[in-house]
Amino acid sequence: MHNFVIPIRCPNMQKNIKQFINLKKLSFLPSWSILLIDIIISLIIAVISYLIFNEIGVNFHSSFPFIVRFSIVTIILSFYFFIFKTYTGIIRYSSLKDATRIFKAISFAFLTLVAIDLGYYFTFGNHIFVVMTWFFTSLFIFFSLVSFRIFIKSLFKYFTGNEEMPTVESIAIIGVNSITIALAEAFVNDNSQYKLQFFIDKNKFLNDKKVLGIPVVAKTNSIIAILRYNKIKHVVLIKNFLPEKEELELLEDCLRYKINVYNPKLVSGFDTNVSTVKSLKKYTINELMFRDTISIENPSVISAFAAKTILVTGGAGSIGSEIVNQLAKFNPTRIVVLDQAETPLNSIQLTMSAAFPKVPCHYELVDVTNKGEVTQLFKKYQPDIVFHAAAYKHVPVLESNFMQAVKVNIFGTKNILDAAIEANTQRFVFISTDKAVNPTNVMGASKRIAEIMVQSRFHTQKDATKMQIITTRFGNVLGSNGSVVNLFEEQIKNGGPITVTHPEINRFFMTIPEACKLVLEAGTMGAGGEIYIFDMGKPILIKDLAEKMIRLSGKEPYADIDIVYTGLRPGEKLYEEVLADSSKTLTTYHPKILIAQDPEYCYEKVQEFLTKLNSNTFENKAALIEAFTELVPEFILTPQE
């Protein structure tokens, strides 16, 4: 007979079990399921207790059948579980606070049952429950629910090892209000890698007070000094809690001293289904531009787009797609999205179908330089409003492909404009650029010519059928296709260096949603013929933008990632303008929208210029520049370096 040895312990067994049961990948249980589990456990314990007490000879009252008493207990327990939110904790992260909630719920349920029993006794002379048995049953239920949580927590700890116990880091919250208190409660409940040390607030009366057991610091010291003294490396900041200048300085200091800053408005939920750590989001470069959020609340603006057919050219681009997205919220009859780029057009179709399934959208693959296709499209849809965003915009590309600027930016605009007038469109909104002011490149000059063309065309119309023609002019938008921000993000991802053309070059910036909201607002103003310019804030040094983005990535400029200067590109200038030197402005009801009082042109003269321009192929750029200066004498090409 062979002697078989059965091993008592396999060295790899625990490892294999952990790989098979990968609890780390399990999602959090939804709140309703935790509540249901608590109720089921409680009722099982109640039944077991009843059977045990019945077995040892306890004489239960017969005022009500067992099933009625059982139902009363179920309703009372469920009610207090809901009131004290015993189900809101993540079981694998259960803490003393969760046990306290359970204790309160069980205690109040017991007292309520006692009150019901006494009320029934004094009314009818009989008892419903044996109070002493329910006292012990309540204790059994409490210990069972707590034990269940301890068991699950231990199970996760066993199978995940130290993965669920990350290094604890200190975090502070700036500002005390409902948002930050909710976040603080999430920190307290969630055994995450962050330990909330204190709040910082401006209200000196809150100094040394406590919120949820967390102290509040409200001293005259600078916030950055408090953070550095306490060695805080993570901080939550309420947007606009501080004056803009102080907020800017604090964020700059936090970037400089490598303190991570989070925006509580970006924290999703504070509920049991999302851990606090995963919810926290760092400030992005968009949020660090410190511009107030713009919202469209003017009823006349909202009603202007309701029940209208709206065409957006270049509708798959950065600006065009955001305009489409915002228009969809105003209940238009339909939106027609025109673009010549197939893949982006497909992308916006998928996005809009998911986000606005009830908004009728039509997607047309049309080139604005093809007059026949444009005319057919207008006959097909008869749009009430047109937003013309289709254009070529990259300065260096158009310096070497200058005829494309003529075809798309000038004659493409003319095709859309003429078709809109022919189709009796009510309003035409042309989206221009600050590069059209005192242009130094082909792109800017072509957009200025288009501005002059649409503005002068307005005055040739008959009053009875006059289409309102509006021009909007603004600067760079953060995150648009080909934006410097996107370039810097890619260069940082690749480890640098970041390339900047000149140490003194600056630009105006807006976020895409902000720019588009102002376009929609301006698009409903005035009687037509106006050029609206936007308050772009202060110009930003591109070098400073690069340094800020490097620090946001957790690295240090010039040490971890270098910044190199490559020299100005053809047609590029150090700074942009939104107004020509000779221009003046008029205010509007919107503080961020002004009217540029640029000189008006005779359309007959413009038409002669366009005819001449269209009949010339311009084999060299010098001849094109000479032609441009006939209509835009301020156009001076920046010398190529």
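Me: What is the accessible surface of the chain, and how much of it belongs to carbon and sulfur atoms?
Reply: The accessible surface comes to about 32100 Å², and carbon and sulfur atoms account for 58% of that. Keep in mind that this is a predicted model.

Me: How many helices and strands does the chain have?
Reply: There are 21 helices and 21 strands.

Me: What share of the residues counts as buried?
Reply: Of the 641 residues, 49% are counted as buried.

Me: What share of the contacts with a separation of 6 or more comes from residues 24 or more positions apart?
Reply: Such residues account for 76% of those contacts in the chain.

Me: Why is the pair Lys380 and Glu364 called a salt bridge?
Reply: Good one to start with! The rule asks for a side-chain nitrogen of Lys or Arg within 4 Å of a carboxyl oxygen of Asp or Glu. For Lys380 and Glu364 the N to O distance is 3.2 Å, so the pair passes. The search of the whole structure finds 13 salt bridges.

Me: What does the pair of Lys380 and Glu364 tie together?
Reply: Lys380 sits in helix 13 (residues 371–381) and Glu364 in strand 9 (residues 361–365), so the bridge links parts that are 16 residues apart in sequence.

Me: Is Lys380 buried or exposed, and how do you know?
Reply: Lys380 has 54% relative accessibility. The cut-off for exposed is over 50%, so Lys380 counts as exposed.

Me: And Glu364, buried or exposed?
Reply: The relative accessible area of Glu364 is 16%. That falls under 20%, so Glu364 is buried.

Me: What makes Asp544 and Lys543 a salt bridge?
Reply: Their closest N and O atoms are 3.4 Å apart. Asp544 itself has 34% relative accessibility, which lies between the two cut-offs of 20% and 50%, so Asp544 is partly exposed.

Me: How do you know that Arg551 and Glu556 meet in a salt bridge?
Reply: Use the same test: the distance from N to O is 3.5 Å, which is within 4 Å, so Arg551 and Glu556 qualify. Elsewhere, salt bridges with shared partners join Arg448, Glu451, Arg473 and Asp598 into one network.

Me: How many disulfides are there?
Reply: The count comes to zero.

Me: Are Cys254 and Cys516 buried or exposed?
Reply: Cys254 has a relative accessible area of 1%, and Cys516 has 0%. Both values are under 20%, so Cys254 and Cys516 are buried.

Me: Where is Gln382, and what is its phi?
Reply: Gln382 lies in the loop between helix 13 and strand 10 (385–388), with phi near 50°. Its relative accessible area is 40%, between 20% and 50%, so Gln382 is called partly exposed.

Technical notes. Residues are numbered from 1 along each chain as its sequence is written. This is a predicted model: local features need pLDDT of at least 70, side-chain atom pairs count only at pLDDT 80 or more; totals for chains, interfaces and linings use all residues. Side-chain values use heavy atoms; hydrogens and water are left out. Helices (H or I, at least four residues) and strands (E, at least two) are DSSP runs, numbered from the N terminus. Buried means under 20% relative accessible area, exposed over 50%, partly exposed in between (1.4 Å probe, protein chains only). A disulfide is a pair of cysteine sulfur atoms within 2.5 Å. Contact means heavy atoms within 4.5 Å. Accessible areas come from the Shrake-Rupley method with a 1.4 Å probe; for residues, only the protein chains shown count as cover.
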